[in-house]
Amino acid sequence: MQRNGKGPRGAAVTQQAPAVAQQTPAVAQQTPGVARQTPGVAQQTPGVARQTPAVAQQAARRRSAGAYRSDDSIARRLLAAQVMLDKILADPALQSALVPYGYDLARILQGKALRDQVQALAQQQCACSGDQRSARDARDAARSQAHAFYMRQVALARVALRDDSGAAQKLGLTAARGRRPADWLMQAQQFYANALSDPAILAKLAACGLTGEQLAQGQAHMAAVATSLVAHEQRRETKQATTQARDAALLALDRWMRDFTTVARVALAEQPQALDQLVVVATPQAR
């Protein structure tokens, strides 16, 4: 019986052991709880770390937005150069920092003169482009008016000279109309010049209602077309020459600014605020 009595007590003791054992995991569960707090603190550190690149990126964007880059548009390059050079010209301290590196006031003014030259040539090129477009529109209008007048007279001449192949060939009636302005104009000029200079052809044309006065009027239209063609060609050549001059000046400015920004980064390396104020960053290789 005692064995049996001891048996339940032994069992009770045995049951307590698992109870204690169950508490141990409870305590153990608390430890991960503390452990979880540690990563929580660790997560805060990256949060702080992320702020630094963000600030750096914003500063880089500010510098890049105002930096002189030779792959930017002409307008952006001119603005960036003006902002940078005007800041230097307005700050004696910046000028003094650049003098030991070969960029005295005279050389800074040289860069400004290049910048102003590019702007003047860009404005001139824009004006020349507009002049060329106006000349082209005038040429097209004159040709359209002359062509309508000319083709009506060609139709009448073909009827009048149907049985005179020699006269038809003399007026260029058997050939297709030229598509290029110069070819078309030469055909028309040939038509009027030969018709007005041959009395026999004039008589046949007059029989179909095409008088010498009307032919002279058509010839005057062709003279206006010729004048407009010459004017357009002149405007085109002027625009081309101005574009080449602008591009050459822009290339010189790109090279000057490339060298200047490289030197400025060295000269102002110990003055990060001044360097950031000038928004000086590396520029691509000038074309």
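Axes here are lines fitted to C-alpha atoms, for helices over the stretch in contact, and angles run from 0 to 180 degrees between N-to-C directions. I took helices as DSSP runs of H or I of at least four residues, numbered from the N terminus.

I noted that this is a predicted model, in which local features need pLDDT of at least 70 and side-chain atom pairs count only at pLDDT 80 or more, while totals for chains, interfaces and linings use all residues. Residues are numbered from 1 along each chain as its sequence is written, and side-chain values use heavy atoms, without hydrogens and water.

**Helix 6**

I looked up helix 6, residues 181-196, and found that its 16 residues reach 22 Å from first C-alpha to last. I listed its buried residues (under 20% relative accessible area) as Trp184, Leu185, Gln187, Ala188, Phe191, Tyr192 and Ala195. Seen down the helix axis, these fall within an arc of 160°, so they line one face of helix 6. On the other side, I found Ala182 and Met186 exposed, that is, over 50%. I recorded helix 4 (105-160), helix 7 (199-207) and helix 8 (212-267) among what covers the buried residues.

**Helix 6 against helix 8**

I found that the two axes come within 10 Å and cross at roughly 150°. That makes helix 6 roughly antiparallel to helix 8, a term for angles over 145 degrees. I checked the contacts (heavy atoms within 4.5 Å): residues of helix 6 including Trp184, Phe191 and Tyr192 meet a set in helix 8 that includes Leu215, Met222 and Leu229.

**Leucine 79**

I located leucine 79 in helix 2, residues 74-89. Leucine 79 is exposed, with a relative accessible area of 52%.

Key: Helix = DSSP H or I, 4+ residues; strand = E, 2+ residues; numbered from the N terminus. Expected span 1.5 Å × (residues − 1). Buried < 20%, exposed > 50% of the residue type's maximum accessible area, 1.4 Å probe, protein only. Arc of directions from axis to C-beta. Parallel < 35°, antiparallel > 145°, perpendicular 65-115°, else oblique.
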